[in-house]
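The structure comes before the text.

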Amino acid sequence: MADWCAPDHQPLMIAGGEGAYLIDAEGRRYLDGNASIWTNIHGHGHPTIVQAIQRQAAQLAHASSLGFGTAPAAELAARLCGLFPKDTLTKVFYSDDGSTAVECALRMALQYWQQSGSPERTQFVAFDQAYHGDTIGAASLGGIPLFHKRLTGFGLPTLHVRDFEALDKLTATQLSSVAGIVIEPLIQGAAGMRLWPAGMLKDLRAWCDRHDIFLILDEVMTGFGRTGTMFACHRDEVIPDFLALAKGLTGGTLPVAATLTTDRIFKAFLNPKHTFYYGHSYSGNPLGCAAALANLQVFEDEHVLELLPPKIQFLSEQLHQWQAASPCVGNIRQCGMIAGIDIVQPTGQPFDPAERIGAKICVAARSHGLLTRPVLDTLVLMPPLCITEQELESAVTALREATRSVTDSRC
Ligand SMILES: *Cc1c(COP(=O)(O)O)cnc(C)c1O
C-alpha cells in the first residue's frame, strides 16, 4: 500500500482487453504476460465467451443452488466430468474461487472420514512452498513463509513435507491421522514455477492408495491447457479423489470454481444425517457456468490443445536464446505455456532481494509493451494460450530489453 500511495506513483488503470492484449486508460497496449494472474485462456473479449455471457445475462443471471438447479450448471458439471475417463470423477461441487474449491475438498475429506468410521483422520499433508489459496483452511496448507507465517498455529492441522521422499519418514501414527494430501501437480506456481520430478504424481497416487489417504489435486493454476494438456493430471493419467478447478475455468472472465470428486465420496453424503453444510450464495452461478461452457467450446472450435505444441516449443527456443546471450538469465523452468525465468547477477550469484530486481524488470517491461508480475527474482511468463508466436517473441524481447535497462546493460 505504501508503494501504491507514494506521491510519485502513477497507478496503471486497465480499461480494455483484446486477445492477448490489455489496454490502459491512455490507450496503450500491453501483452498480458501473466494472463491476468493466471486466469485468461483464449484472450480478452473472446466473442464466443462474451456472447454466452450476454445471452445468459438476458435469460437469468443468478438463482440460488439451494434446492434448485440451472441448465448451465448442470451442463457444465456433465462436461467437466466428461473430460475424465468414465466412472472416475463423476460429481461436481461449485464454489467461487480457487481457495474455496480447495477449502471444500478439505471439508469434504474431513467429513467423509468422520462419517465413515475414521474420525481420527483429521490432518492434511502439504508440500513446502505450496500455495493453495488465502482462506484460512486453504492457507493452512500453504508452505510459503512470506504469505503464510502469520497463520502458524491457526487453521487446519497440517504436516508439511519437502518432497515425495519425505513422505516415507512419516510415522505410522502420523499416517493414520491423515485425511488427505494436497499438491499442485507438475508445477508449483506461487513458489516461483517449481517443477516436480517426472512421474512423481503416479508415485503419489500409489502412495495414497497404499495408505488410504485422499489425493487432492489443486489444478487451479494448471487446469485448462496451461501445461499443454487439458489438466496436468492427464499427463500422468492420474485420477485424484478431489480436483480443484478455478482460475481458467471461465476462460478468465468470471469467478466460478468447481471441486470434482468420485462416487465413493458422494455416496458417503447420501445419508440425511451426513449433510454437507457448505455453500456460497453464488455457488453454481449460471452466468459463470455459461462462460465456462463457452470456454470449453472454444477449446474444441479452435483446436486449442492441438495447436499448443509448436507454441510451447517456440517459447522454449526464445527463452533459451536469451539465456545463451545473457549472463543474467539463470535457471529457466517451463511447463507448457508456463515459464519461470530466474534473474541473477552476471557472476551467477543471486541479486540482493532488497534490490527487488524482478519487480523492477516487470515495471520496466511495461514501456516495452508487456505486463507481468515476478515471484521475487523469478520472471513469470504465462500468457493466454491464444498468443501467437510473433507475440511470444515480443514478450520475451520486452523482458530482455527491460532486464538490460534495469541493470544498466550489465545483463
Ligand atoms: C491462485 C491459486 C489458488 C487460489 O485461487 P483464488 O481464486 O485466488 O482463490 C489456489 N491454488 C493455486 C495453485 C493457485 O494458483
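## Model and fold

Helices (H or I, at least four residues) and strands (E, at least two) are DSSP runs, numbered from the N terminus. By that rule the protein chain holds 15 helices and 16 strands. The model is predicted, so local features need pLDDT of at least 70 and side-chain atom pairs count only at pLDDT 80 or more, while totals for chains, interfaces and linings use all residues. Residues are numbered from 1 along each chain as its sequence is written, and side-chain values use heavy atoms, with hydrogens and water left out.

The radius of gyration is taken over C-alpha atoms, and the globule rule is 2.2 Å times the number of residues to the power 0.38. For 411 residues a compact globule would have a value near 22 Å, and the protein chain agrees because its own value is 22 Å. Along the principal axes, its C-alpha atoms fill a box of roughly 65 × 55 × 45 Å.

## Surface and contacts

Accessible areas come from the Shrake-Rupley method with a 1.4 Å probe; for residues, only the protein chains shown count as cover. The protein chain has an accessible surface of about 18,500 Å², and carbon and sulfur atoms contribute 55% of that. Buried means under 20% relative accessible area, exposed over 50%, and partly exposed in between (1.4 Å probe, protein chains only). Of the 411 residues, 54% count as buried.

Contact means heavy atoms within 4.5 Å. Among contacts with a separation of 6 or more, 71% join residues 24 or more positions apart.

## Ligand site

With a heavy-atom cut-off of within 4 Å, the residues around the ligand are Trp38, Asp97, Gly98, Ser99, Tyr131, His132, Gly133, Glu184, Asp218, Val220, Met221 and Lys247.

A polar contact is a pair of N or O atoms within 3.5 Å; within protein, one must be able to donate a hydrogen and the other to accept it, and residues adjacent in sequence count only if both atoms are side-chain atoms. A polar side-chain atom of Asp218 is 2.6 Å from a ligand nitrogen. A backbone N or O atom of Gly98 lies 2.8 Å from a ligand oxygen, and a polar backbone atom of Tyr131 is 3.5 Å from a ligand nitrogen. On its own the ligand has 380 Å² of accessible area, of which the protein covers 84%.

## Ala105

Ala105 sits in helix 5 (residues 98-114). Is Ala105 buried or exposed? Ala105 counts as buried because its relative accessibility is 0%. Beyond its neighbours within four places in sequence, Ala105 is in contact with Ile216, Phe242 and Thr259.
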